[in-house]
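The following note sets out points for discussion on the structure shown below. It begins with the nonpolar core and then turns to the helices, the aromatic groups and the loops.

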Amino acid sequence: MVHMQARRIQAGAAGNCYPAPAFPLRLARFLLLFCASAFHDCPLAPFLRGASEFVVFLVYSEFKFMADARRSSDETRNSNTKADVAERLGTVLASTYALRIKTQNFHWNITGPNFIGLHTLLETHYKELDEAIDVVAERIRALDAVAPGSFAAFAEMSHIKDAPAKPPRETVMLETLVSDHMTVSELCTELSTFADDAEDHATADIMNGRIEAHDKAAWMLRAHLAKA
Ligand SMILES: [Fe+2]
């Protein structure tokens, strides 16, 4: 029975192998049983047989304790990692939302000789950000966390500053948006690596798509900036 229990523990914790100390222990047990058999007339024979089983029981109890502790530690780490990924997704969500509002603000308020081109480009950008917001929020829900969705929560979590009350010049608007896109791209890059480490490849894939989108938006804005 002790052997069966030990096999189950080892099968769960480290494949079908016996632990390294198992062989000397089995040898010691064999010697104890051999002595008990060889000196079966001796009054100590039952004691030797009992001692052999007791040694095995003690050592395999130790292995069971170690296996249980390792399993408990793994479960805690997995749970924490999932919650950590969801929390970082919340930061990306809030920052993307803030950038979406700022982009629409500039779409409304931009002026200058490039008005039509930039007005249209910024509309394309805020609509793309709109779709991304939904994808990121739904990934948070898929991780069993609550998706933040209020101005107060976004203001607290976002890495993007609000647009100033007085609309800046066209060039400043473009520079600000380039910088903001790069900030969100960096957040997504960090989370992509973090999620991959946590074996959450779905989140990493979403973040990789967001990095591409933010880098592309920044490139388009920079191209207009070079012309301005
Ligand atoms: Fe519009």
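1. Nonpolar core. In this predicted model, the largest nonpolar core comprises 34 residues. Within that core, Leu89, Leu93, Met207 and Leu221 have the most contacts. Two or more residues come from each of α3, α4 (115-142), α6 (170-197) and α7 (201-227). The greatest contribution is that of α3, which gives nine residues.

2. Surroundings of Leu89. Which residues does Leu89 touch, once those up to four places away in sequence are set aside? They are Val136, Arg139, Ile140, Leu143, Leu191, Thr203 and Met207. Of these partners, Met207 is itself listed with Leu89 among the residues with the most contacts inside the core, while Val136, Arg139 and Ile140 are buried residues of α4.

3. Overall organisation. The secondary structure of the protein chain consists of seven helices and zero strands, and the pattern along the sequence reads α-α-α-α-α-α-α. Of its 228 residues, 36% count as buried. Where contacts join residues at least 6 apart in sequence, 77% of them are between residues at least 24 apart. The accessible surface amounts to about 13,700 Å², and carbon and sulfur atoms account for 60% of that area.

4. Helix α4. The 28 residues of α4 should span 40 Å at 1.5 Å a residue; the C-alpha atoms at its ends are 41 Å apart, which agrees with that expectation. Its buried residues are Leu118, Leu121, Leu122, His125, Tyr126, Leu129, Ala132, Ile133, Val136, Ala137, Arg139 and Ile140.

5. Aromatic pair. A pair of aromatic rings is described by the distance of the centres and the angle of the planes. The count for this model comes to one aromatic pair. The rings are those of Tyr97 and Phe154, with centres 4.7 Å apart and planes at 25 degrees, so the pair is classed as stacked; the cut-off for that class is under 30 degrees. Tyr97 lies in helix α3 (residues 45-109) and Phe154 in helix α5 (residues 151-157), so that the pair links parts of the chain 57 residues apart. Are the two partners buried or exposed? Tyr97 is partly exposed, at a relative accessible area of 28%, whereas Phe154 is buried, at 9%.

6. Charge over a ring. The charged end of Arg88 is placed over the ring of Phe194, at 3.8 Å from the ring centre.

7. Most residues other than glycine have a negative phi. Glu199 is placed in the loop between α6 and α7, and its relative accessibility of 64% makes it exposed.

Methods: Residues are numbered from 1 along each chain as its sequence is written. This is a predicted model: local features need pLDDT of at least 70, side-chain atom pairs count only at pLDDT 80 or more; totals for chains, interfaces and linings use all residues. Side-chain values use heavy atoms; hydrogens and water are left out. Rings of Phe, Tyr and Trp (its six-membered ring) pair if their centres lie within 6.5 Å; planes under 30 degrees apart count as stacked, over 60 as edge-to-face and the rest as tilted. Helices (H or I, at least four residues) and strands (E, at least two) are DSSP runs, numbered from the N terminus. Buried means under 20% relative accessible area, exposed over 50%, partly exposed in between (1.4 Å probe, protein chains only). A charge sits over a ring if NZ of Lys or CZ of Arg is within 6 Å of the ring centre and within 35 degrees of the ring normal. Contact means heavy atoms within 4.5 Å. Accessible areas come from the Shrake-Rupley method with a 1.4 Å probe; for residues, only the protein chains shown count as cover. A nonpolar core is a set of buried Ala, Val, Leu, Ile, Met, Phe, Trp, Tyr and Cys residues joined through side-chain atoms within 4.5 Å. The expected span of a helix is 1.5 Å times one less than its number of residues.
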